[in-house]
Amino acid sequence: MFIRKHKCPNCSSILKTKKVSKIVNSKSEEAKNFDFSFPCDGYLVGDVKFIWYVFHCDVCNAEISKREMKELESAQ
Ligand SMILES: [Zn+2]
């Protein structure tokens, strides 16, 4: 499979992907940034663990979300 290399917007190094996870409570303020609806289980309530991937630069320690990366690359 062809995997496109993504470059750091700060130092142009090749970015690595990094797995991040976070426990978010469905009643908390930040819950609106996460998708609590799952097709099989209905709506999740309480503490839910979200796992996603971000791009990470080992050189300058930058962390770029996939959404940010899309915006950066479409701006080029
Ligand atoms: Zn960098």
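Colleague: How many bridges pair S1 and strand S4, and in which sense do the two strands run?

Modeller: As a general idea, strands of a sheet pair through backbone hydrogen bonds, either parallel or antiparallel. Strands here are DSSP runs of E with at least two residues, helices are runs of H or I with at least four residues, and both are numbered from the N terminus; two strands count as paired if DSSP finds at least two bridges between them. In this structure, S1 and strand S4, which covers residues 47-56, pair in the antiparallel sense over 10 bridges. Along this pairing Ser-21 stands opposite Ile-51 in S4, and Lys-19 stands opposite Tyr-53 in S4. Please keep in mind that this is a predicted model, in which local features need pLDDT of at least 70 and side-chain atom pairs count only at pLDDT 80 or more, while totals for chains, interfaces and linings use all residues. Residues are numbered from 1 along each chain as its sequence is written.

Colleague: What is the order of the strands in the open sheet, and which are the edge strands?

Modeller: The order is S1-S4-S5, an open sheet of three strands with antiparallel pairing. Strand S1 (16-25) and strand S5 (63-65) are the edge strands, since each of them pairs on one side only. On average, and with direction ignored, neighbouring strands of this sheet are turned by 45° against each other, where the axes are lines fitted to C-alpha atoms, for helices over the stretch in contact, and angles run from 0 to 180 degrees between N-to-C directions.

Colleague: Over how many bridges do S4 and S5 pair?

Modeller: S4 and S5 pair over three bridges, in the antiparallel sense, and Phe-55 stands opposite Ile-64 in S5. The hairpin formed by S4 and S5 has six residues between the strands, and in this hairpin Asn-61 takes a positive phi near 65°.

Colleague: Where does helix H1 lie, and at what angle to S5 does it run?

Modeller: Helix H1, residues 66-74, lies across S4 and S5 and runs at about 85° to S5. For the chain as a whole, there are one helix and five strands, and from the N terminus on the elements run β-β-β-β-β-α.

Colleague: Why does S4 lie largely in the open?

Modeller: The general idea is to count neighbours: a residue is buried if 20 or more other C-beta atoms lie within 10 Å of its own, exposed if 12 or fewer, and partly exposed in between, with the C-beta atoms placed from the backbone. S4 lies largely in the open because the number buried among its 10 residues is one. Val-48, for instance, is found in strand S4 and counts as partly exposed because it has 16 C-beta neighbours inside 10 Å. Asp-47, whose place is also in strand S4, is exposed, with 11 other C-beta atoms within 10 Å.

Colleague: Which residues does Asp-47 touch, not counting residues up to four places away in sequence?

Modeller: Two residues are in contact if their C-beta atoms, placed from the backbone, lie within 7 Å, and on this reading Asp-47 touches Ile-23 and Asn-25. Val-48, leaving aside its neighbours within four places in sequence, is in contact with Val-24, Ser-26 and Phe-36.
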